[in-house]
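Please keep the sequence and the structure at hand while reading.

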Amino acid sequence: MSPRKEKYQKGFTLIELIVSITVFITVMTIAMGAIFSVFNSNAKSKNMKTALANLNVALESMSREIRFGSVYHCGPYTYPNILTPQDCPAGDSRFTFISSDGTTITYRQNSQAVDKNVNGGGPVRVTGPEITIQSLTFYTLGSSQADTLQPKTVIIVRGTVGTGSAKAVTSFAMQTLVSQRVIDR
């Protein structure tokens with residue numbers, strides 16, 4: 001063997017280095033895309049969890065007040081008629097009742113939020129700003145004292161959580177049934 005052949009057999013050629021660096025960069029690009037995807041999914045999941053926890057607290061608070069209230073009036077009203085029980089088997093976006101402490105409370109969908117009015121005062125937003133309410137529907141049966149049904153209200157909330165691109169927005173639907181605790185005789 002001549003010394004010249006030995007010299008060319010050691011090390012890597014420039015083409016081998018370029019190919020190996022290209023393969024390495026391609027693998028790292030794919031891996032980084034996957035890592036960023038995991039981070040984005042985690043952030044979306046955290047936002048969704050926070051927003052739905054907010055909505056769950058709002059819905060639970062509404063349910064608790066309605067459960068211990070009386071004189072369920074579902075649907076639109078004029079002031080004297082607010083004290084008249086009214087069913088709405090077809091559903092409505094407004095629900096009024098007398099709370100356990102005697103105040104008049106109205107829950108309704110206002111634009112893209114759920115609002116609460118106490119004794120005809122100004123609306124107070126019940127849901128967080130990161131939640132967009134697309135529909136709030138109350139279905140009430142048994143509100144009349146003349147029937148034999150215990151008053152019940154089904155609340156259905158549909159909307160989205162998140163803002164920005166379609167990838168960051170998640171739809172939801174929640175439903176709960178509230179039965180009045182005061183015995184209807």
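**Terms and basis**

Contact means that heavy atoms lie within 4.5 Å. The model is predicted: local features need pLDDT of at least 70, side-chain atom pairs count only at pLDDT 80 or more, and totals for chains, interfaces and linings use all residues. Residues are numbered from 1 along each chain as its sequence is written, and side-chain values use heavy atoms, with hydrogens and water left out.

**Thr 160 and strand 8**

Thr 160 belongs to strand 8, which spans residues 152-161. Strands (E, at least two residues) and helices (H or I, at least four) are DSSP runs, numbered from the N terminus. When neighbours within four places in sequence are set aside, Thr 160 is in contact with Glu 130, Ile 131, Thr 132, Gln 134, Val 169, Thr 170, Ser 171 and Phe 172.

Is Thr 160 buried or exposed? With a relative accessible area of 11%, Thr 160 is buried; the term buried stands for under 20% relative accessible area, exposed for over 50% and partly exposed for values in between, using a 1.4 Å probe and protein chains only. Strand 8 as a whole is mostly covered, since 7 of its 10 residues are buried.

**Partners of strand 8**

Two strands pair if DSSP finds at least two bridges between them. Strand 8 pairs with strand 7 (residues 131-141) in the antiparallel sense, over 10 bridges. Within this pairing, Thr 140 has Thr 153 of strand 8 as its bridge partner.

An open sheet is formed by 5 strands in the order 1-3-4-5-6, with antiparallel pairing. Its edge strands, each pairing on one side only, are strand 1 (70-74) and strand 6 (124-125). Strand 5 (residues 113-118) is joined to strand 6 by 2 bridges, and Lys 116 has Val 124 as its bridge partner in strand 6.

Helix 2 (residues 14-67) lies across strands 1, 3 (94-98), 4 (104-110) and 5, and runs at about 145 degrees to strand 4. For such angles, axes are lines fitted to C-alpha atoms, for helices over the stretch in contact, and values run from 0 to 180 degrees between N-to-C directions.

**Aromatic pairs**

Rings of Phe, Tyr and Trp (its six-membered ring) pair if their centres lie within 6.5 Å; planes under 30 degrees apart count as stacked, over 60 as edge-to-face and the rest as tilted. By this rule there are 4 aromatic pairs. Tyr 72 and Phe 95 make an edge-to-face pair, 5.3 Å centre to centre with 70 degrees between the planes. This pair links distant parts of the chain, as Tyr 72 in strand 1 and Phe 95 in strand 3 are 23 residues apart.

Phe 95 also forms a tilted pair with Phe 97, at 5.8 Å centre to centre and 35 degrees between the planes. Phe 95 is buried at a relative accessible area of 0%, and Phe 97 counts as buried at 1%. Tyr 72, Phe 95, Phe 97, Tyr 107 and Phe 138 form one aromatic cluster.

**The disulfide**

A disulfide is identified as a pair of cysteine sulfur atoms within 2.5 Å. The whole structure holds 1 disulfide, which joins Cys 74 to Cys 88 with an S to S distance of 1.8 Å. Cys 74 lies in strand 1 and Cys 88 in strand 2 (residues 88-92), so the pair ties together parts that are 14 residues apart in sequence.

The torsion about the S-S bond of Cys 74 and Cys 88 is about 65 degrees, and the disulfide is therefore right-handed. Both Cys 74 and Cys 88 are buried.
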